[in-house]
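Work through these exercises with the model in view. Each task is followed by a stepwise solution.

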Amino acid sequence: MTLANLFCRVFSDRKVSPRIINISSGAAEEPLPGHAVYSVAKAGIEMLAVALAAEHRAPTFRAITLRPGVMDTDRQTFFRAQPPELLPTVELFAGFQRDGRLVPPEAVAAKIASQLVTGAVDGARTYNYADL
């Protein structure tokens with residue numbers, strides 16, 4: 001049994017289109033110094049969606065990925081509090097806050113629910129929050 005088939009068994013109501021929505025990051029495409037493991041993990045998550053879509057070709061099954069953008073989370077707060085010697089990209093994270101680029105998590109969640117959970121989506125696609 002493939003992983004996609006295992007996931008699809010969870011959906012017993014055939015009126016519901018099975019969807020897997022992975023959360024990734026722009027770091028999957030553009031690595032940041034000091035974030036190698038994070039970048040590799042996010043790239044793997046994106047490939048998981050592509051592989052699941054290739055393994056399970058049911059017309060209603062969708063495996064997709066979302067890059068939610070720079071969210072205003074505890075992770076951001078933690079990064080901004082680090083000294084540059086420990087986190088060379090600290091100024092990047094400080095700039096996100098200074099420039100007003102941090103997105104509230106509830107705004108991302110609302111778009112996930114309205115557009116990716118119930119809306120029409122392309123399988124194996126990586127969506128960017130800004131494009132939703």
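**Exercise 1.** Which residue's side chain meets that of Glu29 in a salt bridge?

*Solution.* This is a predicted model: local features need pLDDT of at least 70, side-chain atom pairs count only at pLDDT 80 or more, and totals for chains, interfaces and linings use all residues. Residues are numbered from 1 along each chain as its sequence is written, and side-chain values use heavy atoms, with hydrogens and water left out.

Step 1. Apply the rule: a side-chain nitrogen of Lys or Arg within 4 Å of a carboxyl oxygen of Asp or Glu.
Step 2. The partner is Arg67, at 2.7 Å from N to O.
Step 3. Glu29 sits in the loop between β1 (19-23) and α2 (36-55), and Arg67 in strand β2 (residues 62-67), 38 residues apart. Helices (H or I, at least four residues) and strands (E, at least two) are DSSP runs, numbered from the N terminus.

**Exercise 2.** Is Arg67 buried or exposed?

*Solution.* Step 1. Take the cut-offs: buried is under 20% relative accessible area, exposed over 50%, partly exposed in between (1.4 Å probe, protein chains only).
Step 1. Arg67 has 12%, so Arg67 is buried.

**Exercise 3.** Which residues are linked in a network of salt bridges?

*Solution.* Step 1. Arg67 also bridges to Glu46, at 2.7 Å from N to O.
Step 1. Glu46 lies in helix α2, 21 residues from Arg67. Glu46 is buried too.
Step 2. The network holds Glu29, Glu46 and Arg67.
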